[in-house]
Amino acid sequence: MPTLSLPERISRPSPRLVLASALAVLVTQCLIAVTGATVRVTGSGLGCPTWPQCFPGSMVPVSHAGIAPLHQAVEFGNRLLTWVVAAAALVCVLLSWRVRPVRSRLRLLSVVVLLGVPVQAVIGGMTVLLDLRWWSVSLHFMASAVLIWLAGLLVKAAREGDAAAHPVVPTGMRRLLVALTAVAAAMVFVGTLVTAAGPHAGDPATPRLPLSIPLLTQTHGLLVMAYLCLLAVFGVWLRNASPTRGLLRAYAASCLVVLAQGIVGSVQYATGVPEGLVVLHVAGATLVITTLSLLWGESRYRGEPAAPERAGAERGTSTSEVVGG
């Protein structure tokens, strides 16, 4: 068997490399949401008071009497991470485009996530230009939540084939999963409202959402309980189905993550919303979204990925066709 050159190996990426790139997209999407929370709790939201520049006439932080260097560093660091997120998404697109046989769904998801990165960045810029208005910050996190969800589906797509989706669970369970996803979306959204009414605005001068924090917290808690109940019903129903190992793992992860998230949220509220727990709670939210996305993906089966074609073999086939003609 002839040894493939480095360009040939790169031109036909291995399944492991494609999966690693998809995982990098997911991790970086979660990470930038967590660093965004760090910006808020440290009061660094206006560490770079303009966008896309950091200061008028400068893309990088400059000495400014009214803004602490720490705040500048935290906000600018979060902006720099956007380029890491974009690079991970771009690499995933390039690798997905080189996979043979062609994987249309993998390509589509990778491109959608890549296109979502500049949209996410523009929304982040809007929050700065709007002086961190609470609704713009909520919109920014919800955009991140959508991209994390899509990145989870991208990871699943990197591990499966491109055949038509075959349901792993009955129709009733798929409908329950839709309800579970809707409740999760509402839960995350109300969570952003709790943050919007709370003390961590990203800047001390930013107006807060003028709603009762206890009321918002109770609403958020009720949605968490509804999510847990639906998850429990799904688990009971799962015992009478024929789940795959992947579906069972995704379900177990979903249960563990949301239970841990509920504990962190309760402690956070009881202890006066300390900064560290806020960041931890946001990290937990990204994991809730990720595990639910994987649960959604594992409820459908698209077959095993086809054996990858190698560039050398493909070129050899083309040459033989030309000679034969």
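Buried means under 20% relative accessible area, exposed means over 50%, and partly exposed lies in between, as computed with a 1.4 Å probe on protein chains only. The structure described here is a predicted model, in which local features need pLDDT of at least 70 and side-chain atom pairs count only at pLDDT 80 or more, while totals for chains, interfaces and linings use all residues. Residues are numbered from 1 along each chain as its sequence is written, and side-chain values use heavy atoms, with hydrogens and water left out.

**Cysteines**

A disulfide is taken to be a pair of cysteine sulfur atoms within 2.5 Å, and by this rule the count comes to one disulfide. C48 and C54 form it, with their sulfur atoms 2.1 Å apart. The torsion about the S-S bond of C48 and C54 is about -75°, so the disulfide is left-handed. C30, by contrast, is in no disulfide, and the nearest cysteine sulfur, that of C92, is 14 Å away. Seen from C92, the closest cysteine sulfur is the one in C30, and the distance of 14 Å is too far for a bond.

| Cysteine | Relative accessible area | Class |
|---|---|---|
| C48 | 0% | buried |
| C54 | 0% | buried |
| C30 | 12% | buried |
| C92 | 1% | buried |

**Packing of α2 against α5**

Helices are DSSP runs (H or I, at least four residues), and strands are runs of E with at least two residues, numbered from the N terminus. Helix α2 spans residues 15-41 and helix α5 spans residues 134-158, and their axes come within 8 Å and cross at roughly 160°. Since angles under 35 degrees count as roughly parallel, over 145 as roughly antiparallel, 65 to 115 as roughly perpendicular and the rest as oblique, α2 is therefore roughly antiparallel to α5. The axes are lines fitted to C-alpha atoms, for helices over the stretch in contact, and the angles run from 0 to 180 degrees between N-to-C directions. The crossing of α2 past α5 is left-handed, a term used if the near helix is turned anticlockwise from the far one by less than a right angle, whereas clockwise is right-handed.

Contact here means heavy atoms within 4.5 Å. On α2 the contact residues include V18, L19, A22, L26 and C30, and on α5 they include V137, F141, L147, I148 and V155. The residues of this contact divide into 16 nonpolar, three polar and one charged. In that division Ala, Val, Leu, Ile, Met, Phe, Trp, Tyr, Cys and Pro count as nonpolar, Asp, Glu, Lys and Arg as charged, and the others, Gly among them, as polar. C30 therefore has a place in the α2 contact list and is also buried, at 12%.

**Backbone features in the loops**

A cis peptide bond joins W51 and P52, with omega at about 5°, and P52 is found in the loop between α2 and α3 (69-98). Another cis peptide bond joins R100 and P101, with omega at about 0°, and P101 is found in the loop between α3 and α4 (104-129).

In the loop between α4 and α5 lies D131, which has a positive phi of about 55° although it is not a glycine. L132 is also placed in the loop between α4 and α5, and its phi is near 65°, a positive value in a residue other than glycine. D131 is partly exposed, with a relative accessible area of 38%, whereas L132 is buried, with a relative accessible area of 6%.
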